[in-house]
Amino acid sequence: MRLAKFEHLAPISLAEVCSVLAEHGDAARIIAGGTDILVQMKHGLIEPRYLVDIKNVGGLGAITVDEASLRIGAAVTLTDLQRSREVRERAPLLAEAAAAVGATQLQNMGTLGGNICLDTRCWYYQQTPSWRAARRTCLKMGGEVCHMATGSERCYALYSGDTAAALLALGASVRLASSRGERTVALGDFFVDDGRNPNIMEPDELLAEVIVPAQAEGQRSSYLKFRRREAIDFPIVGVAALVAVEDGVCRLARIAVTGAGSAPFVAVESQKILDGNEITEGSIEEAAEAAYRQAKPVSRMEVSAAYRKRLVKVLVKDALSKLG
Amino acid sequence: MKQLIELRINGIDHEIAVEPQDTLLEVLRERLGYTGTKRACDVGDCGTCTVIVNGRTALSCLMLAVEAVGKEIVTIEGLGTGDKLHPIQQAFVDYGAIQCGFCSPGMILAAKSLLDEDPSPGREEIRKAIGGNLCRCTGYAKIVEAIEAAAEHGNK
């Protein structure tokens, strides 16, 4: 699959990136590791006239410690992230999720920013032009039908980023930069449950940095990823859990799920069931059941929507049993 | 619009005119003759296009040629010579880790990248290192054994 023509720009400062994005808007896209965007471009799904390469932009590849949090540049590769001593010590949940992404080559190339901004996927979308031409244009392509959920008025393409689950559980935020200024948004407010526009970013914005609160002493964590094969695959469902138990009572429970909708979500009801209560087989079952009820996957990619929903319950239960 | 770039492949500098949309894989195979690097899925799902970039494995089908400027690229042609195989290649031969051979260049480079960093990896590290390389013939067992053997003999 040959890529369509484009211009490759390689700015060295954040200001330059913002200015280029302001000038070209939707005709420009960011390229970091390229493991998502080049695949989209090879399928002819997007044809940006400009690719703005952020790998040489000062500051985007750094990890700094800031009182009780970590500031991670969006262009830090997933390999560097999982190997970073600061990340392993202060946010092991994030290191674990980064190590679960794809495979070694994809972690070497892929970045944290790119993994957060991973485009949503669907069997009817990630296809070549000739394949898609045999069907009516789908909602995500700007058409009027959904082939996955016939009759639907919204797109149900699936979000399958791994690090998002860990970052949601950790209460992370993202710093978005543009020529209009900067804004820091809690990750929970960043994602949108819409397969067509899965996050709040504007065309002239860059995700520059991720701010991650450090895991406190006693906060144990686990990222469980269920996929067909042990490498390469996206999660069918991924669950990140962060739990602190003191004297048998749960002081903190943060649970986030990816792969079960057009946006990753925080299992708020499950958290309410556990916060301040004892972690027992009973409360774990209740919390897992609450997550099951909250999950509303429509996609039947790889597994049926019902199976995917059941997986949410199983993984939440497994994670809590492991940490409780 | 073509731009003149310099790519360093297996220690040799190549000056070549490329377009921004030319992938490293296309340039390696079609322009520079390094056909040991293979194209199969072309979308980063199989690993046959694996090369080593500054010591770490990367998928050349998802790299633009212009992104490879200033980096040390190693392809399978950079291992061994016509007369003497690289120890990892020899181990693959000795342990029956090659059937059709299509995954082999990528597998061997994945192994090399691992052993250059960790000379005595455990099974799990080996499996993780080759996790991004698919093989439809061997079932992976002999590939893992060959890499273990190559590590054991102290050869990288």
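**View 1. A:Leu93 in helix H5 of chain A.** In this predicted model, A:Leu93 sits in helix H5 of chain A, residues 92-100 (helices, H or I of at least four residues, and strands, E of at least two, are DSSP runs numbered from the N terminus). With a relative accessible area of 0%, A:Leu93 is buried (buried is under 20% relative accessible area, exposed over 50%, partly exposed in between, using a 1.4 Å probe and protein chains only). Setting aside neighbours within four places in sequence, A:Leu93 has contacts that include A:Ala166, A:Ala169, A:Leu170, A:Tyr223 and A:Leu242 (a contact is heavy atoms within 4.5 Å). A:Gly113, 20 residues away in sequence, is 17 Å from A:Leu93, C-alpha to C-alpha. Other buried residues of H5(A) include A:Leu94, A:Ala97 and A:Ala98. After H5(A) comes A:Gly102, with a positive phi near 45 degrees.

Two notes on the model and its labels go with every view. Residues count from 1 along each chain as its sequence is written, while chains are lettered from A and ligands numbered from 1 in the order in which they are written. Local features need pLDDT of at least 70, side-chain atom pairs count only at pLDDT 80 or more, and totals for chains, interfaces and linings use all residues, with side-chain values taken from heavy atoms, leaving out hydrogens and water.

View 2. Strand E11, residues 249-258, joins E12(A) through two bridges in the antiparallel sense. In E12(A), A:Val266 is the bridge partner of A:Ala256.

**View 3. A:Asp247 in the loop between E10 and E11 of chain A.** This loop holds A:Asp247, whose phi is near 55 degrees, a positive value in a residue other than glycine. Most residues other than glycine have a negative phi. A:Asp247 is exposed, because its relative accessible area is 73%.

**View 4. A:Ala291 in helix H12 of chain A.** H12 covers residues 281-294 and includes A:Ala291, which counts as buried at 0% relative accessibility. Beyond its neighbours within four places in sequence, A:Ala291 touches A:Phe265, A:Ala267, A:Ser270, A:Val312 and A:Val316. A:Val257, 34 residues away in sequence, lies 8.6 Å from A:Ala291, C-alpha to C-alpha.

**View 5. B:Asp42 in a loop of chain B.** Look between helix H1 (24-31) and strand E3 (50-53) of chain B for the loop with B:Asp42. Phi is positive at B:Asp42 too, near 70 degrees, and this residue is not a glycine. B:Asp42 counts as buried, since its relative accessibility is 4%.

Notes
Two strands pair if DSSP finds at least two bridges between them.
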